[in-house]
Every structure is written in structure tokens, then in C-alpha cells.
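Please have the model open and follow along.

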Amino acid sequence: MTSADAGDWIETWLSKPRFEVYLRAANQDRERAVRLYEWNAAVSAAFHHDLCHLEVALRNAYDRALGNAVAAGTAHWVFQATTIFPSRWQKAANGTRYDVNETSRRLMAEAIRNATPKSRRPAEPAAPPSPGKVIAELSFGFWRYLSARRHHDPLWIPYLHLAFRAGTDRRDVDKHVERLHRLRNRVAHHEPLLTLDVREHWKDVQDLAALISPQVAAYIAANSSCNRLLAARPC
């Protein structure tokens, strides 16, 4: 793209405030700002690819671990929200009491509703969804907060630690997954990554994957475009 090509149509396309972020990073060089925008889009796509693999690995590891939290022969854990996440009341700083598990139960109920196939005949009850369908409907935010401190005693110690390499510290998992959750949200909303330490985020992907499965970590690394793109940021 030449300077003549980089006209005002770009602000019409991206919006002036959005393009201004890249202009500032490019010292008001419009051609370079466009190259930065393309680089940002490519890096976002690469992270989306890697985070997709990582999220599937994380949720399946947690699924296996939480299978130990319900009695053998009973319904899959996704259908036992009150068993996994019973009401636990705490007091907020303003004195208000709240149930720390309410959001988790609500997300599970929403996932079940979204996974339930619609009946072909209105008079017939809908067939229950498979556990796999429900798990696929649970958002990354649901899995992200399983490593929160509030779940340490009731869930991490007896069950959730089984999702990771022996000896894994819950705080290490939470550190990586919290940063990756924020990154995923920025990528999903097409936000600039220019001010982020994207190399550290790539390390978060590798480190968290390695805690789940060295083989998965190796696969993600071998099939990722992140390293090449991070090294190719326009000057």
C-alpha cells in the first residue's frame, strides 16, 4: 500500500478512534499503521488457533477430573450442578451476603438449555443433550474460574488437581488462565494487542498446555504461527 492508497477511507472502514491507535504506534505513518493493523489481525488469528486447542484440552481435562466428584452410576457431573457447586455464602465488603457458586450453576443451566435439541413435535419432550454437547456450550469463562481461590478446598484439592501434571500449584494454573482469558476476550473482539506483552502470553499458552499434557503442548507449538508473527512485527 502506498501513501496515496492509505486515504481517509481507512477511518471510514475502521473508525477514526480505532485507526488512531495504530497511527500513534506508527508515529502517524499511515502506511505503517495499516501494516500494524494487518499484523495485529494475523497475530490475533494465530492466538485464536492456539487458544482453541488449549481450551479443548483444558475443558476435557477438567471434565475427566470432575467425573470423580459424583457417585458412580449417577448422572454426569454437568447434570449435577448443586453437587459440584452447592450454595456457599460469603459476605462482601459492603456487608451483602452472596452465593459464590451461583454463577457457575447458572452457566451450567444455560449450557444445558443451549445444548438441548428442539423437539420436532411441540407436544413431545425434548431429548436430553449429551454431556459432550453441554461441555462444548460452557464458555471459557466457566473453565477459567475453576482455578480461583474459592474452589481450592472444595474442588481443587480433591478433584481439579487431577486435570494437571502431578504437583501442579493451583496458583500457577490461575495465573496463566487469567491472562489467557483476558487475551481471548481481546482477540474475540478484534482489539489491538500492541500494548500487550504478547510473547509472555504465548509463553502462557505453552506453559498451561504443558501442565495439562506435554504432547498437547508440543502439538500446539509445532502447529502455531505465533513465533514467526511475533518476530515479524512491522518496525
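## Aromatic pairs

Searching the whole structure turns up nine aromatic pairs. Here, rings of Phe, Tyr and Trp (its six-membered ring) pair if their centres lie within 6.5 Å; planes under 30 degrees apart are stacked, those over 60 are edge-to-face, and the rest are tilted. One of the pairs joins tryptophan 9 and tryptophan 13, which are stacked at 5.9 Å centre to centre with 10° between the planes.

This is a predicted model: local features need pLDDT of at least 70, side-chain atom pairs count only at pLDDT 80 or more, and totals for chains, interfaces and linings use all residues. Residues are numbered from 1 along each chain as its sequence is written, and side-chain values use heavy atoms, with hydrogens and water left out.

Tryptophan 9 and tryptophan 13 are about one helical turn apart because they sit four residues from each other in helix H1 (residues 9-14). Helices are DSSP runs of H or I with at least four residues, numbered from the N terminus. Tryptophan 9 has 44% relative accessibility and is partly exposed; tryptophan 13, at 47%, is partly exposed too. For these labels, buried means under 20% relative accessible area, exposed over 50%, and partly exposed in between (1.4 Å probe, protein chains only).

Phenylalanine 142 and tryptophan 143 have ring centres 5.0 Å apart and planes at 90°, so this pair is edge-to-face. Both phenylalanine 142 and tryptophan 143 are buried. Ring pairs also link these two residues into a cluster with Tyr62, Trp77, Phe85, Trp156 and Phe164.

## Arginines over rings

Arginine 144 lies over the face of tyrosine 145, 4.2 Å from the ring centre. Arginine 233 lies over the face of tryptophan 39, at 5.3 Å from the ring centre. A charge sits over a ring if NZ of Lys or CZ of Arg is within 6 Å of the ring centre and within 35 degrees of the ring normal.

## Positive phi in two loops

Most residues other than glycine have a negative phi. Asparagine 27 is not a glycine, yet its phi is positive, at about 55°. You can find asparagine 27 in the loop between helix H2 (16-25) and helix H3 (30-66). Its relative accessibility is 65%, so asparagine 27 counts as exposed.

Histidine 190, also not a glycine, has a positive phi of about 60°. Look for histidine 190 in the loop between helix H9 (170-188) and helix H10 (198-212). With 56% relative accessibility, histidine 190 counts as exposed.
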